[in-house]
Amino acid sequence: MGRRRKQTVDYFPHFVSTDSRTKFILEQSWGNDGYAFWFKLLELLGRSEGHYYDCSETANEKYFVALMKLDKDTIGEILEVLADLGNIDKKLWDERKIIWCQSLVDNLQDVYSKRTVSAPKKPFTEPTDEEVPTLPTEENLSKDKLKKQDRSPKLGVKSKKAGSLNAEQQALFEKFYAAYPKKVDRATAEKAWAKIEPTPNEVMTEKIIQAVESSKKYDSRFRERQFIPNPASWLNAKAYLNEYPQEGGSYGGFKEDCGGTNTGGFKPSNFGK
């Protein structure tokens with residue numbers, strides 16, 4: 001009997017950081033209870049199937065209160081702050097009382113790349129057109145036939161794969177890839193580059209490369225190859241927006257915005273800069 005295909009993790013490292021905005025905000029309002037709440041929450045999401053927690057279920061809510069050892073009102077206040085900061089998905093929390101941190105999942109890609117099961121997706125999201133099955137009606141069959149005909153190469157027209165980079169973006173990506181110290185899973189890295197908004201130009205590409213150089217100096221993960229994030233994970237986490245204190249020895253911060261604009265690099269427990 002094969003092993004169960006799980007979507008949980010057994011551990012995550014807790015890197016030391018000289019600065020953690022999320023931690024300081026929670027400590028300012030709730031002292032050590034705020035600090036403990038944050039890391040208990042990370043542990044809970046890590047061991048929860050699908051990396052989310054549903055507080056709308058009575059049993060789950062009771063367990064959550066018991067785990068945090070705080071009253072419901074205080075727990076609600078802390079979660080609202082985390083939602084406003086972007087640490088947890090605000091819409092899922094406000095509408096469904098579900099705790100989901102997109103950056104946690106994004107930055108566990110190294111873990112899931114070694115598994116036969118893919119990383120979980122955000123719950124209750126609308127399926128894409130590719131995920132919605134279509135019944136084989138006569139009209140659809142005709143459309144499929146036309147699509148197959150359109151796939152035949154046309155004279156003088158080069159085929160382009162979906163999501164591939166144009167010539168300009170390919171050249172800019174090459175500059176980034178040459179500067180990044182870990183060269184693995186290039187195809188996924190190109191897809192991650194294609195998703196960057198706004199689309200990188202020469203100036204932005206240089207800033208991204210400068211961020212790579214800063215990471216080499218100030219992000220402790222870059223000191224050993226085994227801990228360096230894959231280029232796709234680094235780009236997806238928007239780690240090029242990280243800010244580092246001008247001194248060595250700092251992790252550099254996993255910016256706490258989960259799914260927001262300030263997501264950073266990951267070894268997941270140290271969210272928040």
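Q: What should I know about the model before I go on?
A: This is a predicted model, where local features need pLDDT of at least 70, side-chain atom pairs count only at pLDDT 80 or more, and totals for chains, interfaces and linings use all residues. Residues are numbered from 1 along each chain as its sequence is written, and side-chain values use heavy atoms, with hydrogens and water left out.

Q: Where does Q169 lie, and which residues is Q169 in contact with, leaving aside its neighbours within four places in sequence?
A: Helices are DSSP runs (H or I, at least four residues), as are strands (E, at least two), numbered from the N terminus. Q169 lies in helix α8, residues 167-179. Contact means heavy atoms within 4.5 Å. Leaving aside neighbours within four places in sequence, Q169 is in contact with W193, T199 and P200.

Q: What is a salt bridge, and how many are there?
A: A salt bridge is a side-chain nitrogen of Lys or Arg within 4 Å of a carboxyl oxygen of Asp or Glu. By this rule the count is nine.

Q: Which residue forms a salt bridge with K72, and why does the pair tie parts of the chain together?
A: The partner is E61, with the closest N and O atoms 3.7 Å apart. K72 lies in helix α3 (residues 72-85) and E61 in helix α2 (residues 58-68), so the pair ties together parts eleven residues apart in sequence. K72 is exposed, at 54% relative accessibility. E61 is partly exposed, at 29%.

Q: Where do K122 and D89 lie?
A: First, the bond: their side chains meet in a salt bridge at 3.2 Å, N to O. K122 is in the loop between α6 (109-112) and α7 (138-150), while D89 is in the loop between α3 and α4 (90-96). The pair links distant parts of the chain, 33 residues apart. K122 is partly exposed, at 30% relative accessible area. D89 is buried, at 15%.

Q: What separates R186 and E190 in helix α9?
A: About one helical turn, because they are four residues apart in helix α9 (residues 186-194). R186 is partly exposed, at 31% relative accessibility. E190 is buried, at 19% relative accessible area.

Q: Which residues do salt bridges that share partners join into one network?
A: D84, K90 and D94.

Note on methods: Buried < 20%, exposed > 50% of the residue type's maximum accessible area, 1.4 Å probe, protein only.
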